[in-house]
Structures are given as C-alpha cells and as structure tokens.
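Subject: Structure for your files

Hello,

Here is the structure I said I would pass on. My notes on it follow below.

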Amino acid sequence: MMKLILTTDVSGLGGPGDLVEVKDGYGRNYLLPRGFAIPATKGAEKQVQVIRRAQEASRIRNLDHAKEVKAALGALGSVPLKAKAAAGSGKLFGSVTSADIVAAVKAAGGPVLDKRAIEVAGHIKTVGKHSVSVRLHPEVTAAFTVHVAAAS
C-alpha cells in the first residue's frame, strides 16, 4: 500500500489535500503520472496547506452558495457562444472547450465557473443548441443550454 496526498478531486477517492492509502499500482500507474497526487512526505504537509488554500479560493463555499449559483445559471436561459464555422455545413473549425463555455457564461452576465466542473456530453463540433451541466457541489449539479452560433 502507498500513502499519497491528492492534488485534485478524484472520484470515489477524495478531494484535494486528502491523505489516502491506495494500492501501489493504482498510485504509481494512474494517480502520480497524471498529477492527481503527490507522495506523502513530511515536506508535502506544507504543500497540502497551499493546495487547500488555493482550492478554498475557487471552491463554491457551501450548499447554499451552490444553490444560488444554480439559480443564477437558470436565470440566464440559453448562453450565446460564437465560434468559427464552415459557411454551409455548420461544422465548427475545432470544437468548443470548457474554457470557451466558462467565458461565454461570464460574458452573458453569469457567475464565474471552474472549467474543470463543466461536463459536456461528447464534443461540441456543430452550431446549434447543446446541453451542458456543471458540478457545483457534490449535491448540486446545474444544467443549462449553450447556443453555438457561427462567428462572422
């Protein structure tokens, strides 16, 4: 067994700054190479405090705050987003990223979101309306529509 400190939220394991004990192969082959965890050492305890402070700054504070953000997203309705597209077919040059969606929500007057919390079913590669969900809190998920239009 291997002791690690998580640097990001790992589904089914824990959140940033948590000290976890996992099997050697899982830690060595999955968590460490992807940067999801660091080895648990005495010096890493200081890093845990830095990680937690950084996460607290960007984290939704509590369940009530998450519900407020969900209501603000619901009030936006369909979020407009412009992207470069082929003239006749409506296919995009590339795809819409989570960062693009976060910027479009902010530009529409919505709350600031974390791009890692955005969940899109597949890739958005065409103009039109697409459903997007945001994991605001372990108990709160907000869904909204992004209307992708061709940029002129």
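Leucine 4 stands opposite proline 39 in strand 3 (strands are DSSP E runs of at least two residues, helices H or I runs of at least four, both numbered from the N terminus). Strand 1 and strand 3 run antiparallel and are joined by three bridges; two strands count as paired if DSSP finds at least two bridges between them. This is a predicted model, in which local features need pLDDT of at least 70 and side-chain atom pairs pLDDT 80 or more, while totals for chains, interfaces and linings use all residues. Residues are numbered from 1 along each chain as its sequence is written, and side-chain values use heavy atoms, without hydrogens and water.

The open sheet has three strands in the order 2-1-3, with antiparallel pairing. Its edge strands, each pairing on one side only, are strand 2 and strand 3 (37-39).

Threonine 7 lies in the loop between strand 1 (2-6) and strand 2 (19-22). Its relative accessibility is 17%, so threonine 7 counts as buried (buried is under 20% relative accessible area, exposed over 50%, partly exposed in between, with a 1.4 Å probe and protein chains only).

In helix 3 (residues 63-76), the buried residues are His65, Ala66, Val69 and Leu73. They fall within an arc of 100° seen down the helix axis, so they line one face of helix 3 (the arc is that of the directions from the axis to the C-beta atoms). The face turned away from them carries the exposed Asp64, Glu68, Ala71, Gly74 and Ala75. Glycine 77, with a positive phi near 75°, follows helix 3.

Regards

Methods. The expected span of a helix is 1.5 Å times one less than its number of residues.
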